[in-house]
Amino acid sequence: MTWSSRSDVALGDVKWPIARLHDVATIERNAVSVDQIQGGEFYVGLENVTSDGVFENVVTAGKAGLKSNKFAFTEDHVLYGKLRPYLAKISAPDFAGICSTDILPIRPGARLDRRYLLHYLRTPTMVTHAASNAVGINLPRLNPKALESFQIPLPPIEEQRRIAAVLDAAETLRAKRRQALATFDTLTRAIFISMFGDPILRSMQLDLVPLGDLLKLKSGQGLSAKAMRPGPHLVYGGNGVVGTHDEYMFEGSKIVIGRVGVYCGCVHISEPRSWITDNALYVSWMSSRLRTTYLAAALDLANLNRRASQAAQPLISGGRIYPVEIPVPPLNSQHVFEERTRAITEHRIRIEEGAEKLNELFASLQQRAFRGEL
């Protein structure tokens, strides 16, 4: 088996020496057997690393209930997700622990700065390069030997640290944008609860009405990979937008509810002229007592995924949704709620546009940094 050792980075334009990863770092697969796991160690699985390199929901090995061998890592490693490398699950922990064997701990040598290595491996070019060298169709993995063959521009260590510091500062700005966007996910809920109460805690003063008296649900239509011809119309599945298509099912917007798997109960309002797959349900009819934005928010707060998780195979159906009760406030109150959420949406769009520009600037900064033009 051979791998392409040269990435798409125009390394011929780089003024610094070029080194292969195995010459300046070591992939340390120090196995920890099940009987060696004490339970108090932090455990990192691929699900605990985002595509932004952020750790989330990390628990101890004891809580994770581990039943197979893992790898040990420290604060000196870069953690590299080798399964589906296109997801860019590459991070630099500030804690020691054990990780999934689908994560490779890389220890930089004396000539390589850890943060510099992290930023280099996370560049879009290197992520694409890793994906192109992965083996396997359904579960593509990057062989450690292929990773060791990657070429890295190697400026003096002090220059590496300067580059890493600049990129760290830029990444901090991007993280703040992401945090700002994350707050929007809670604002609509907070406004709903302040106006109408919490439907889970039954803290509202309004009468509750079963959803079966207020709406009707239908499943979307299946769309195979061959049939999903790229086009201008969004395709909604169980977890939101899953692609585009040259045809559409509905002229107007629809409330979409994920019906299977992890995203059971997730609620979206589709764009006009879109397609909804059979991995989702949509509201085909709703009572004139409801406005669309209000109903979508009420469904979101109704904790529909809890009803799905009670089944052996997580699944949402009309039979599980129709008994759920929601408050039905006067239409004028729903209109006020709608106006408030519209203002939030408009502000979010502006933040997203700013975040997109910042991402473009960051990508440009990365390219210049590793060409020696920073």
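**Figure 1. Helix H6 is the element that gives the most to the lining of the second largest pocket, with seven residues.** The model is predicted. Besides H6, strand S8 (90-91), helix H3 (114-121), helix H4 (124-133) and H10 each supply at least two lining residues. The volume of this pocket is about 700 Å³. Its lining comprises 29 residues, and those closest to the centre are Asp 52, Gly 53, Arg 122, Glu 171 and Arg 178. By class, the lining divides into eleven nonpolar, nine polar and nine charged residues.

**Figure 2. The largest pocket holds about 1,300 Å³ of space.** A total of 37 residues line the largest pocket, with Thr 188, Val 267, His 268, Ile 269 and Arg 348 lying nearest its centre. Two or more lining residues come from each of H6, strand S17 (267-269), helix H7 (292-301), helix H8 (304-309) and H10. H10 gives the most, with nine residues. The lining of the largest pocket has 18 nonpolar, ten polar and nine charged residues.

**Figure 3. Helix H6 packs against helix H10.** H6 spans residues 157-196 and H10 spans residues 331-371. The angle between the two helices is about 170°, and their axes lie 10 Å apart. Because of this angle, H6 is roughly antiparallel to H10. In the contact of H6 with H10 there are 22 nonpolar, seven polar and seven charged residues.

Methods:
Residues numbered from 1 in each chain as written. Predicted model: local features only at pLDDT ≥ 70, side-chain atom pairs only at ≥ 80, totals over all residues. Heavy atoms only, no water. Axes fitted to C-alpha atoms, helices over the stretch in contact; angles between N-to-C directions. Helix = DSSP H or I, 4+ residues; strand = E, 2+ residues; numbered from the N terminus. Parallel < 35°, antiparallel > 145°, perpendicular 65-115°, else oblique. Nonpolar A, V, L, I, M, F, W, Y, C, P; charged D, E, K, R; others polar. 1 Å grid on protein atoms, 1.4 Å probe; cavity = no way out; pocket = protein on both sides within 12 Å on 5 of 7 lines; lining within 4 Å. Points joined across faces, edges and corners; volume = space filled by probe spheres on them.
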